[in-house]
Amino acid sequence: MIHTEGLRVSYRAGWRRSRLEALAGLDLRVEAGECVGLLGHNGAGKSTALGCFLGLIRPTAGRVAILGQTPAAGAELFRHVGYLPEEPVYHGHLTVREALTYYGRLQGVVDVEAASAPLLERLDMARWRDLMVSRCSKGMKQKLGIVQCLLHAPRLLLLDEPMRGLDPVAVMAFRELLADANRAGTTIVMSSHLLGEVEQLARRVVILDRGRLVADGTVASLTRHREARYDVAIAATETWPPEIDGPVAVDGEVRGTVAPAALHGFFDRVRADRLTLISCALERASLEEAYMSIVGDARRGEVSHG
Amino acid sequence: MGERLWLHTASHLRFYRRSRIVLGVGLGILALWSLTMLPLFFGGSAASRFNQLRGVAAQLTSLGWLLSAALGLYVTSAHLRNRSLQVILTRPGSPQLWLASVFVSALMVAAAMQAIGAVVTLALSLAWGVPYQIGFAYMAVDAVFEAAIIIAMLTTLGAVLHPVVALLVALLFNDGTFASLRFGVEFMKAQGHGGWFTDAVRPLVIAIHTALPMLDPFESRTASVAQSMRVDGGDWGYLAATAAYSLAVTVVCFLLADVALRRRSFATTT
């Protein structure tokens, strides 16, 4: 569906025209039906990558193919691609209905009214159909963006900060729409700073940092990236197993964490000292923690190599 | 292709219709025109009616020309600034089609303005009992071709420069200013003044003047039509030549604007 090889994009900036690398050799392959979250700090290269996928940015080097073709502005392959831009760059002089008709007809949708009505209903936008886009709030423009990118039932959805400006109800509705589309076979690539959203939607996460791919895997595999620990609680006692890190005595319990390597020793001690084990659960890192740690590792590696 | 061209064109026409800037400029020009034209409607003898009608027609032609001239620049700049082209370029349909629609929409407005002017002139000629001369229609059609030239030039400048800078460039670097400059340089050379500076500047001025499109390439040949509003066989030939010239300028400007748009980035780059 998406295939990049050594994708590089650099810009000249400043009065010295020094070269800034927005993408430094991105190798990525997204297969049909996947839902991929593209994560990274500001300036990591997420939007640049999306720009390359859409033919809006010409790579300095490397190759990019979408649906087997090299993307270029206005290419026929966009008949099968839906794009939600980061900024609400829609035609302000049109009403919501006119804008959707304009965009939909360009995509080859014959009956735009019929195609857009259910989407507008689900996003609670139907009553604003005749409002000028320029008078829409940020969230309404985002909803317009969502409808325009789903209108033609695309095979590939490229979403740049999709939840931006949406209220919680709209976030939920959009999440359902995306899940439905993905179940129906649509490939989704979404760039976002909202790691919780990505965690809920994407099965695969790609992390970019300073234009480089620093992690690529399933959400489960990335959250295992950090060494997991076990949260344990035992009934209050005067002495507790030394395997417990950071023990805190509270409400008749002693709580703390145990490293996986020390788990067997901890159980032996509990058994030997006849302590009452109240709970023991694996504490999994959230995507946010995994993200911070992966990017941190990547930067430390960069410093030590550099 | 035809449907996509029409979709873009219809969007641009809505943009003009709903733009407060276009409305404001239009009303301003109309107010100025009314102030200068109103005395003509309330005074004058039957004998001077023809001259009055000619004056009204000339003013209407200028009004239409002025209103439509900068539309291509305006719509191009507006779409480039708010990046709405992102939405268009990520849909099927070549960017050249969008660019063509800018030219077509502005030209449609120019043609409509001149058509309105021609109808008003015809109505006045009937009301005042002045025989309608075909020269009025001729001048209106000629004005559409002239408008096409200025629309093409300004749209191209709008694809490269900030709209205000584009307007300044169009005001400074036009056929009229360089014709005066050329005349001045040639005059100084003929008089033996100026020295090395004139010798150095002269080829440059001639080159730019030759390269710049003329707004009315056959003005001197068709001056009699503007005076008498009578058209003979040769004048139609000049009108056809003006049409061909404006088409050539439009094609060149279109290609330049296309190159300028291709070099632009339409994406956010973080």
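Predicted model: local features only at pLDDT ≥ 70, side-chain atom pairs only at ≥ 80, totals over all residues.

**Starting with chain B**

Chain B has 12 helices and zero strands.

Chain B has 270 residues, and 36% of them count as buried. Its C-alpha atoms fill a box of roughly 70 × 55 × 35 Å along the principal axes. Now look at contacts in chain B between residues at least 6 apart in sequence: 81% of those join residues at least 24 apart.

Let's zoom in on one helix pair. At what angle do helix α6 and helix α12 of chain B pack? The angle is about 135°, and the axes are 10 Å apart. For anyone wondering about those two numbers, packed helices are described by the angle between their axes and the distance between the axes. Here α6(B) covers residues 95–128 and α12(B) covers residues 233–263. Angles over 145 degrees would count as roughly antiparallel and 65 to 115 as roughly perpendicular, so α6(B) and α12(B) come out as oblique to each other. Their crossing is right-handed.

Who makes that contact? From α6(B) you have B:Pro95, B:Gln96, B:Leu99 and B:Phe103, and from α12(B) you have B:Thr250, B:Phe254, B:Ala257, B:Asp258 and B:Leu261. Split by class, the residues of this contact are six nonpolar, two polar and one charged.

One more stop in chain B, and that's B:Glu186. You'll find B:Glu186 in helix α9, residues 175–191. Is B:Glu186 buried or partly exposed? Being buried takes 20 or more C-beta neighbours within 10 Å, and B:Glu186 has 14 inside 10 Å, so B:Glu186 counts as partly exposed. If you compare B:Glu186 with B:Thr76, they're 110 residues apart in sequence and 38 Å apart in space, C-alpha to C-alpha.

**Over to chain A and its sheets**

Chain A does have strands. One open sheet has six of them, in the order β5-β6-β7-β3-β8-β9, with mixed pairing.

One bridge to point at on the screen: A:Gly37 has A:Met190 in β7(A) as its partner. And if you're looking for a helix here, α4(A) lies across β5 and β6 of chain A, running at about 170° to β5(A).

There's also an open sheet of three strands in chain A, ordered β2-β1-β4 and antiparallel in its pairing. At the edges stand β2 (18–30) and β4 (61–66), each with a single partner strand, so each has one side with no neighbour in the sheet. Neighbouring strands of this sheet are turned by 30° against each other on average, ignoring direction. Strand β1 (residues 2–13) pairs with β2(A) in the antiparallel sense over 10 bridges, and A:His3 stands opposite A:Arg29 in β2(A).

**Where the chains meet**

Last part: the contact between the two chains. Chain A puts in 30 residues and chain B puts in 25 residues. On the chain A side, the elements that give two or more residues are α1 (46–53) and α2 (96–106). Which gives the most? That's α2(A), with four residues. By class, this side of chain A has 16 nonpolar, nine polar and five charged residues.

Let's stay with α2(A) for a moment. This helix is mostly covered, with eight of its 11 residues buried. Among those buried residues are A:Val96, A:Leu100, A:Tyr103 and A:Leu106. What covers them? The cover includes α3 (112–122) and α4 (138–150) of chain A, together with α1 (2–18) and α5 (85–89) of chain B. And just after α2(A), A:Gly108 takes a positive phi of about 90°.

That's my tour. Happy to go back to any part of it on the screen.

How values were computed. Residues numbered from 1 in each chain as written. Chains lettered and ligands numbered in written order. Contact = placed C-beta atoms within 7 Å. Nonpolar A, V, L, I, M, F, W, Y, C, P; charged D, E, K, R; others polar. Buried ≥ 20, exposed ≤ 12 C-beta atoms within 10 Å, placed from the backbone. Pairing = 2+ DSSP bridges. Axes fitted to C-alpha atoms, helices over the stretch in contact; angles between N-to-C directions. Parallel < 35°, antiparallel > 145°, perpendicular 65-115°, else oblique. Left-handed = near helix turned anticlockwise from the far one by under 90°.
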